[in-house]
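Please read this briefing alongside the sequence and the three-dimensional view.

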Amino acid sequence: MPSFRFKDHKTQQLSQSVGEVLSRNYSESEFFEFAPYDPTAGERGGYSNYSYWGSTLRSFAQNKVAMFFLILMVGILAFTVVEPMLPYAPEANTIYKGATNLAPCKEYWFGTNSIGQDLWSQIWSGVRTSLLIGLAVACVEAVLGVIMGVLWGYVRKLDFLFTEIYNIFDNVPQTLVVIIISYILRPGVSTMIFAMCLTSWLQTARLVRNQVLIIRDRDYNLASRCLGTATWRIMVKNLLPYLVSILTLRMALAIPAAIGNEVFITYIGLGVPLEIPTLGNLIKAGQTVMMESTLSYQLFFPVIILSIITISFYIVGNSFADAADPKNHVK
Amino acid sequence: MAKYIFKRLLRSLLTLFIIVTIVFSLLRLMPIEGYFQNFEKMSAVQVELGLKELGLDKPLPAQLLDFYSDLLHGDLGVSNKYRRNVPVTKIIAEKVPVSMAIGLTSLGIALAVGLPMGILMARSTRTKHKIGDKLGTAFIVLIQAVPAAVYYLVIQFYGTKYLDLPMQISSGRPVTYILPILSLALGNIAYYAMWLRRYMVDESNKDYVKLARAKGVPASAISRKHVFRNAFVPLVQFIPTSVILTLMGSLYVESLYSIPGMGGLLVNVIQRQDNTVVQGLVLFYAAISILGLLVGDILMAIVDPRITFGKKEGGR
Amino acid sequence: METETILSVRDLDVKFTLRGQVLHAIRGISLDVHRGESLAIVGESGSGKSVFTKTFMGLLDSNGSVTAGEIRYNGQDLAGYTTDQQWRTIRGREIAMVMQDPMTSLNPLKTIGDQIEEAIVLHQGLKGAEAHAQVLKVLEEVGIDQPERRSKQYPHEFSGGMRQRVVIAIAVACRPKILICDEPTTALDVTIQAQILQLIKDLQKKYDLTTIYITHDLGVVANVADRIAVMYAGDIVEIGTCEEVFYDPKHPYTWALLSSLPQLGVKGEELYSIKGTPPNLFLEVKGDAFAPRNPHALKIDFVERPPYFEVSPTHKARTWLLDPRAPKVEPPEHIKHLREQGVNRHV
Amino acid sequence: GGGDEGGSTGGESVYRELYSSEVETLNYLYTSFTNDYRMCANMVDCLVEYDPYGVMKPALAESWEHNEDYTEWTFKIRQGVKWVNAQGEEVADVTANDWVSAAKWVNDAANNSSNQYMYNGIVKNAQEYFNYTAYLLESENGTKTTDADGNPIEPVPEVSFDDVGVKAVDDYTLVYTMASPCTYFPSVLSYTTYMPVYGPFLEEQGEMFGVDNQSVLYNGAYIMSEFEPQNHRTLVKNPTYWDKDNVFIDKLEFRYNASATTLGPESFLRGEVDYAELDASLLSAWQSDPEKQNQLSASRPSVAFSYFFCFNFEPRFDESLDPDNWTLAVNNENFRQSIFHALDRVNALEVVEPNTPENLLNNTITPATFTEAAGLDYTQYPALKAISDGDSFDEATALDYKAKAVEELTAAGASFPIQMYMRYNPATTNWDKECQVIEQQLEGLLGTDYIDVVVEAGPSTNFLSMVRRTGDYGFMKCNWGADYADPQTWTDPFKSQDNSYNFMAQDPNLEIGQKPCTNKSPETQALMEEYYALIDAAKAITNDDEARYTAFAEAEAFLIEHAIVVPFSISSSGYVATRLNVFEAQYAPYGMALQCFKFQKLREEPMGLEEFNSLYDQWLKDRTAAIAAADAE
Amino acid sequence: MSEQRKKLLEVQDLQVTFGTHLHPFHAVKGVSFDIYEGETFGLVGESGSGKTTIGRAIIRINPVSGGQVLYRGERISGRISRELDRKVTRQIQMIFQDPMASLNERAKVDYIVSEGLYGRHIGEAERQEKVAKALADVGLLPEFASRFPHEFSGGQRQRIGIARSLIMDPDFIIADEPISALDVSIRAQVLNLMSQLQKERGLTYLFIAHDLSVVRFICDRIAVIHKGRLVELAESEELFAHPLHPYTRALLSAIPLPDPIAEKKKKLLVYDPSIHHYDQETPLWQEISPGHFLLASEREAAEWQREPSR
Ligand SMILES: Nc1ncnc2c1ncn2[C@@H]1O[C@H](COP(=O)(O)OP(=O)(O)OP(=O)(O)O)[C@@H](O)[C@H]1O
Ligand SMILES: Nc1ncnc2c1ncn2[C@@H]1O[C@H](COP(=O)(O)OP(=O)(O)OP(=O)(O)O)[C@@H](O)[C@H]1O
Ligand SMILES: [Mg+2]
Ligand SMILES: [Mg+2]
């Protein structure tokens with residue numbers, strides 16, 4: 001029979017109290033004496049080795065695919081940070097005269113583009129920018145989404161108002177907003193982030209709201225109200241922790257979504273200017289030459305890197321959300 | 001029920017009103033150059049006259065009033081820059097059927113493929129190695145995680161380069177529709193398969209399934225007669241929305257294969273600053289998406305006897 | 001008593017694997033079920049009652065399996081069944097089940113009639129109008145008025161008690177030999193609970209069923225059970241006829257179960273209660289699982305698992321207290337003279 | 001559908017092309033979009049047309065003459081030309097009245113034609129009539145005296161259309177009266193607003209004139225038989241065309257494809273289309289592939305547009321880019337000269353034309369071969385000759401000027417490096433890349449301690465009004481397109497009022513935005529004044545082209561020599577794959593000539609680059625001869 | 001009972017309505033009763049009869065649509081002053097039916113138990129001390145403070161819930177079916193604890209249950225509720241000895257007896273509401289004998305009193 005491994009001090013305590021009795025060597029007659037009865041030992045009996053984050057991490061670690069992608073993701077993240085500091089890492093936009101449209105070779109690992117820029121540096125610079133956009137959007141989305149969503153779901157009076165606002169904003173085309181913003185602000189990374197954040201938090205807010213609606217009237221919330229707990233504390237202590245799972249999921253999905261969105265906005269010609277490489281820009285540039293088989297690497301390298309990134313975020317996010325759901329925890 | 005629908009429609013009207021007003025006002029933030037073809041060479045008088053013709057010289061509230069009074073007469077106005085002097089309704093009416101035909105075909109295919117796929121995946125979760133489920137999940141992850149713009153390109157690249165399929169549609173040649181329909185269908189296949197699988201797995205842990213098993217109902221009949229229907233209920237709600245999305249067309253796919261549909265129309269007219277068309281389109285989109293939600297709810301009520309309209313769920 | 005064994009369980013072990021950890025849910029149970037009897041399995045939550053009976057129908061969750069022992073039914077070893085096909089010869093047809101929660105055990109999207117008909121078509125070989133007529137008959141049998149109208153309604157239009165009747169109707173419609181009622185009344189009000197128990201009793205008589213009740217409440221089974229098996233931590237700790245268990249309980253756990261019934265409580269006095277919590281089945285259980293909570297535990301209880309001590313041919317208990325070497329321990333006062341007391345107390 | 005078959009089927013010659021932008025309207029009297037021109041120019045003929053060398057030829061006008069002082073032009077209209085509808089049914093005869101109807105429509109302010117300005121200052125009283133109709137509109141037929149904002153509306157003296165200088169003397173005699181003497185008037189006539197329109201039909205259609213192929217009438221080489229917006233359009237040969245023997249392609253099929261730039265080349269290779277433009281990035285791949293090599297061709301450099309870099313004298317950009325510092329620099333001629341000479345234009349042009357960037361180079365504002373007088377190309381006139389034949393790029397000179405500029409600017413208190421703020425429109429293909437190349441080249445040559453080129457994108461739509469017109473740039477590539485065959489057309493960007501190219505001429509008291517225009521140093525101011533004096537003098541010469549050209553050349557040379565602008569290039573649509581021979585087509589660097597398919601034949605084989613180059617050289621030679629011959633006539 | 005006993009809580013003609021104006025659902029229809037200081041007042045009835053709703057109306061989770069609730073003579077239903085609100089929040093506490101659902105799974109026991117103290121500006125040391133004491137009071141080990149609710153059995157969780165109320169030092173506790181979700185074997189733990197606390201602290205309970213046998217064990221007076229209306233109220237022994245209302249009788253007859261012989265002899269009574277003719281005769285909430293209230297029409301009251309009980 002597989003034996004249970006004791007994992008921390010609490011369990012050890014338990015094993016000691018049992019072991020104490022066992023370790024003594026009784027004689028045959030002693031066996032039939034009453035054992036010392038300790039009610040507190042009985043209280044301890046139902047103990048399970050549980051801590052929320054511990055279980056979350058443990059179930060995550062058991063998911064091999066997710067761990068693989070986590071490592072990949074961390075690797076990529078680390079590399080994008082480190083890449084510009086590497087020796088001989090050139091400025092991404094440097095033009096090498098005469099080195100136009102070179103296929104991948106020793107000197108230019110991912111080849112060069114039509115004006116002689118090194119795609120390797122361009123792609124990593126693009127990954128940096130795109131990830132920055134993704135992360136920023138995801139953070140804003142999470143923060144705004146949670147605040148709005150919790151208010152929306154918890155404060156009954158706001159429900160009607162927020163629902164209407166949601167319906168309205170959901171129907172104002174994002175393109176219109178992006179275009180108008182590109183008039184008001186200069187096209188650039190921060191503008192892009194701003195434009196995306198403007199609408200993206202709505203979905204998170206709605207998700208949070210639906211979740212809050214489900215848990216709002218659970219007994220433990222009523223209990224808190226009976227105890228006179230302030231509303232903000234209920235939100236922070238009773239609601240937020242229950243949103244961890246869906247929030248991590250949302251955040252992790254928001255990053256690939258934002259990168260995809262960046263590609264889209266670039267596609268319609270409103271993206272970040274070309275002198276700032278982003279994955280969207282690189283894909284757009286690659287698209288113009290994709291039908292030319294000798295040049296299609298200019299599309300495929302950014303596409304592959306982008307896919308690896310979005311897939312890792314997607315899988316890691318999903319698996320983490322699964323792991324964060326106590327339903328999937330071993331008690 | 002009729003009363004409920006009526007009330008909801010009435011409320012939607014208010015929402016529509018606000019949406020259109022916001023869009024209307026946002027549009028007026030654009031620089032006036034965009035309203036003219038040849039601003040560079042126009043005199044001040046010409047510009048002024050042009051603005052007057054477009055009704056842009058009046059203060060915003062007056063413009064709004066004009067717009068709504070026209071709207072009440074069923075007049076959405078005519079295009080200024082997209083197709084000059086052509087009524088907005090005509091522009092939209094010409095494009096909707098195109099997008100819809102392709103969209104509905106792909107949706108049909110997506111349902112025909114996605115739903116069985118979801119069922120097979122759900123069943124596979126009960127087998128030892130869950131191979132079917134893993135394969136299906138890999139597909140879903142790929143489609144959902146990789147931006148559509150990217151896999152559309154890949155499909156076009158391989159489809160035209162290696163399968164030698166045409167790069168643009170031409171009516172009367174069905175092969176030309178393969179790639180765009182495939183591109184459009186993939187997303188929905190993944191979507192429906194994923195949700196159906198999830199709901200089926202959730203449902204098959206419910207007590208009534210256990211009871212059915214205890215009754216001796218064969219596994220296949222359980223998943224067909226009991227689980228599928230229950231799992232399908234929440235999906236029913238999405239179908240009208242999916243249908244409606246086909247009305248909006250797909251910017252990418254339509255532009256990649258030069259499909260003369262709705263996709264990209266909005267982007268196009270926003271970029272050309274064709275206010276009337278933008279307004280008309282936003283109104284159209286908002287109206288149908290609100291309608292889609294309503295139809296989704298009604299469908300839900302039809303397939304699920306527990307849901308009744310009008311009454312708030314009383315107690316249990 | 002001349003009894004024929006319909007189902008015989010020997011040394012049954014059931015284990016679950018949950019993310020790499022093994023939970024030993026059933027720890028070597030042996031039990032004979034007699035034809036026509038009604039057996040009650042009593043025990044607190046998590047003691048393994050449901051898991052135990054699910055093994056008879058192959059309804060264990062996919063992460064669990066029978067790891068040892070056998071289940072003999074009709075000369076077959078059910079423990080060796082693996083395929084859906086094999087189990088379908090048992091499920092419903094031979095052994096049927098009534099589940100705990102009437103609110104969720106019916107398919108919300110199918111009419112009551114359809115759900116009963118499904119069972120009838122499967123097991124009685126009837127079709128169409130005949131099957132429908134049978135549906136109405138069954139509904140009437142379980143005490144539902146206006147069966148014609150009711151059969152066309154959906155579960156949500158039924159109250160909890162009526163749903164439970166429908167669930168029973170479905171089980172009975174399969175014409176099984178054995179009916180397992182897994183906590184059929186815990187979700188119901190007392191008044192309805194009594195009615196449902198009565199209904200099962202009537203049906204049992206009518207169809208000559210063998211019934212196995214599962215409950216955590218000893219009080220509930222006094223009326224319906226012929227024999228009672230008390231379970232604790234995946235093991236049967238005491239088994240005997242109804243009278244034996246109520247009037248002459250031997251296991252301290254049975255004492256505790258009985259004493260904690262408020263019906264037996266004396267106002268103003270403490271109710272007898274069991275301290276502590278049941279053991280963690282992920283851990284290997286040494287000795288008597290109940291020992292840490294047992295005020296009468298002997299030292300040997302922590303070392304060696306007690307065997308069954310036979311009190312009478314029908315009455316066995318797993319406790320070292322029955323060992324001749326053990327000191328004599330009296331059951332708590334108020335359950336000792338339950339017979340006299342009970343009759344008087346309850347008007 | 002377009003099928004895979006080759007260009008000609010069953011003797012019918014069909015030309016196929018992808019397009020990515022739909023026409024806005026077929027109302028040629030209104031539009032000013034090249035997309036629209038491309039259709040209209042083939043549907044309706046003008047009074048004149050051109051031969052492949054740019055020599056004007058009679059078209060709907062059989063002949064014309066002018067009076068002594070070029071104030072009256074009389075045209076004899078060709079007889080027997082028919083108006084037909086989209087089904088090819090004859091509707092009416094083309095008569096002189098049709099040009100009168102067109103003029104009336106165009107100059108009526110209510111119609112708000114985008115090209116009305118083509119009459120302004122050319123045809124007598126056209127602008128006056130326009131102003132009067134505008135007044136009527138604004139005042140609602142004189143009933144109102146203030147506009148919506150409460151500003152008074154200035155009354156405008158009544159002008160009747162009868163006073164406008166366009167008259168049909170009889171059905172086949174058309175007379176235009178000029179506002180002032182105009183030698184180049186015939187070159188204006190191939191613009192859309194001088195196309196005829198059948199009056200009764202125009203009236204009948206009203207607002208709907210030109211919304212689709214059914215709502216226009218045709219008298220040109222082709223009839224648009226099918227028109228499905230964003231899908232396809234088909235032009236078929238007009239069977240009643242007066243010159244049908246010169247129309248060789250029977251059918252023009254245009255299919256919509258939003259990704260035409262990406263898919264066009266591949267479609268061409270697959271034989272699905274007969275023409276595709278190639279992005280410069282594809283060039284090397286095509287050139288090195290033996291299959292594609294001989295399908296690669298170029299487009300003829302076009303002198304219809306000229307590109308030049310403008311220095312902004314009224315910077316209105318962000319404080320973070322230090323506009324005051326820029327103001328100091330830009331007013332320093334040595335600084336401007338250092339940039340002028342440091343800019344390696346050929347290097348920059350390689351982005352769009354990697355093979356023969358020199359072909360695109362333009363050393364003056366007015367492109368070479370644009371116009372000539374007295375047998376001499378305008379750019380070869382004495383003042384411009386040296387400039388035209390040289391190249392401004394010269395590292396040593398640039399560094400000399402840099403040294404001087406550093407000295408002077410340091411004295412003036414400027415801080416280094418000078419931030420040079422360059423903008424581009426992300427929607428324009430390759431502009432971004434070009435900016436990057438220039439940035440690295442300039443910084444490389446002049447040193448980053450001297451200048452810091454800051455490249456930034458502008459909005460992709462309404463770029464001009466958001467960037468150029470607001471002065472939100474320091475140094476930027478601008479362009480201008482010719483309106484008629486006279487050097488004056490190229491002075492428009494540098495006009496003294498409402499100048500939004502480099503703000504060189506703002507009255508110091510005038511306000512743009514919040515800031516008064518006080519940026520120009522006295523030296524700069526003096527330069528500008530001198531320039532305008534030269535221009536005014538040139539404009540005053542109206543009857544002697546040679547003298548006039550000499551004077552304009554002096555003015556233009558002045559602008560360039562003082563490095564107020566940096567001439568850059570003419571336009572090119574780069575590389576193409578085509579089954580057409582562009583050298584057969586009509587040619588003129590203005591008007592509609594370049595859009596016409598008339599005279600062109602569809603070739604069996606695509607044109608290769610070698611053939612193109614030899615044909616181009618031949619064409620350049622033949623052209624000189626042809627023009628000389630025409631002049632001699 | 002002596003009339004001198006102080007009324008702690010008075011419920012007067014309480015009505016609670018759910019749903020919209022168009023589809024109102026009257027969950028509680030005109031219920032009146034008093035609870036005296038120090039007693040345990042039982043409220044029994046079938047599922048959905050409105051027990052929880054009454055409890056929640058008292059503690060002000062459910063808004064009251066008619067009638068009023070007085071606590072120590074002060075009205076606490078409807079809008080009340082902040083001060084009174086704070087006082088009532090402190091003095092009235094609730095114990096919930098489902099020990100799992102009523103504890104915040106993501107908070108440690110330490111926080112859960114001391115949650116009510118956070119509004120009171122109490123030092124950290126004092127807080128911990130109070131937590132330890134509250135835990136000890138309900139028989140839990142102090143080390144449990146740092147654990148999560150998952151780690152406990154149902155009985156332990158319910159005791160945590162009780163500790164959470166106790167820390168507020170309340171006078172009045174509404175216990176909404178505190179044991180019905182628990183295993184029989186641990187019900188006793190909770191019941192014992194409740195009586196013990198009452199003895200030590202003089203608490204007053206409103207004890208809600210659907211099982212008469214439990215109520216009988218712990219309550220002084222019992223009210224029986226059916227479909228939102230009280231049908232009978234009496235001292236518990238009186239109610240068991242002389243149940244008048246047929247519904248009460250049905251309830252009593254259904255109590256399972258842990259005694260096979262008695263149980264097999266037991267006769268079930270079924271309550272059939274159609275015996276009433278309330279469209280013809282209006283029922284009254286009347287005091288049949290001192291302290292014994294009954295909802296009945298004149299005729300019914302007479303008739304039922306004549307019948308021998310059971
Ligand atoms: N699928 C499963 N995976 C892991 N453990 C399980 C599974 N099913 C049951 N168990 C465990 O097996 C043990 C016995 O469970 P079982 O459901 O038989 O208890 P029970 O006596 O029926 O309790 P209840 O009265 O709550 O129904 C419990 O500890 C339970 O946690
Ligand atoms: N928030 C609510 N909205 C609408 N109806 C409600 C609400 N809460 C309770 N009800 C309804 O009010 C009635 C009384 O409910 P209540 O919960 O008070 O019953 P109960 O006697 O406590 O039942 P149980 O024994 O099941 O807890 C029920 O029919 C219930 O459906
Ligand atoms: Mg169970
Ligand atoms: Mg309740």
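The points below take up the ligand sites, the salt bridges, a set of strands and a surface patch.

This is a predicted model, in which local features need pLDDT of at least 70 and side-chain atom pairs count only at pLDDT 80 or more, while totals for chains, interfaces and linings use all residues. Residues are numbered from 1 along each chain as its sequence is written, chains are lettered from A and ligands numbered from 1 in the order in which they are written, and side-chain values use heavy atoms, with hydrogens and water left out.

**Ligand 1**

- Around ligand 1 there are 16 residues, of which Ser45(C), Gly46(C), Ser50(C), Asp61(C) and Glu183(C) come nearest; a residue counts as near if one of its heavy atoms lies within 4 Å of the molecule or strand in question.
- Polar contacts are pairs of N or O atoms within 3.5 Å, and within protein one atom must be able to donate a hydrogen and the other to accept it, with residues adjacent in sequence counting only if both atoms are side-chain atoms.
- The side chain of Ser45(C) has an N or O atom 2.6 Å from an oxygen atom of ligand 1, a polar side-chain atom of Lys49(C) lies 2.9 Å from a ligand oxygen, and a backbone N or O atom of Gly48(C) lies 3.0 Å from an oxygen atom of the ligand.
- Taken alone, ligand 1 exposes 630 Å², and the protein buries 74% of that; accessible areas come from the Shrake-Rupley method with a 1.4 Å probe, and for residues only the protein chains shown count as cover.
- Two or more residues of the shell around ligand 1 come from each of β1 (5-18), β2 (21-34) and α1 (49-54) of chain C, and α1(C) gives the most, with three residues. Helices (H or I, at least four residues) and strands (E, at least two) are DSSP runs, numbered from the N terminus.

**Ligand 2**

- The site of ligand 2 is shared between chains, because residues from chains B and E surround this ligand.
- Ligand 2 has 14 residues around it, and Ser47(E), Gly48(E), Lys51(E), Thr52(E) and Thr53(E) come nearest.
- Oxygen atoms of ligand 2 lie 2.4 Å from a polar side-chain atom of Thr52(E), 2.7 Å from an N or O atom in the side chain of Ser47(E), and 3.0 Å from a polar backbone atom of Gly50(E).
- Ligand 2 taken alone exposes 630 Å², of which the protein buries 75%.
- In chain E, β2 and α1 are the elements that give two or more residues to the shell around ligand 2, and the largest share, three residues, comes from α1(E).

**Salt bridges**

- Over all chains the structure holds 72 salt bridges, a salt bridge being a side-chain nitrogen of Lys or Arg within 4 Å of a carboxyl oxygen of Asp or Glu.
- Lys51(E) forms a salt bridge with Glu177(E), with the closest N and O atoms 3.8 Å apart; this pair links distant parts of the chain, from helix α1 (residues 51-58) of chain E to the loop between β7 (172-176) and α6 (184-201) of chain E, 126 residues apart.
- Lys51(E) counts as buried because its relative accessible area is 4%, and Glu177(E), at 7%, is buried as well; buried means under 20% relative accessible area, exposed over 50%, and partly exposed in between (1.4 Å probe, protein chains only).
- Lys161(B), Asp164(B), Glu266(D) and Arg270(D) are joined into one network by salt bridges that share partners.

**Strands of chain E**

- Strand β1 (residues 7-19) of chain E runs antiparallel to strand β4 (residues 66-71) of chain E, and five bridges join them; two strands pair if DSSP finds at least two bridges between them.
- Gln12(E) stands opposite Gln68(E) in β4(E).
- β4(E) also pairs with strand β5 (residues 74-75) of chain E in the antiparallel sense, over two bridges, and Tyr71(E) has Glu74(E) in β5(E) as its bridge partner.
- The hairpin formed by β4(E) and β5(E) has two residues between the strands, and Arg72(E) in the turn has a positive phi of about 50°.

**Surface patch**

- Ile184(A), Leu185(A), Phe194(A), Leu198(A) and Leu29(B) form a nonpolar patch on the surface, with about 460 Å² of accessible area together.
- Patches are made of residues with over 30% relative accessible area and no salt bridge, where like charges are joined within 9 Å and nonpolar side chains (Val, Leu, Ile, Met, Phe, Trp, Tyr) within 5 Å.
- Leu198(A) is placed in helix α8 (residues 189-216) of chain A, and Leu198(A) counts as partly exposed because its relative accessibility is 35%.
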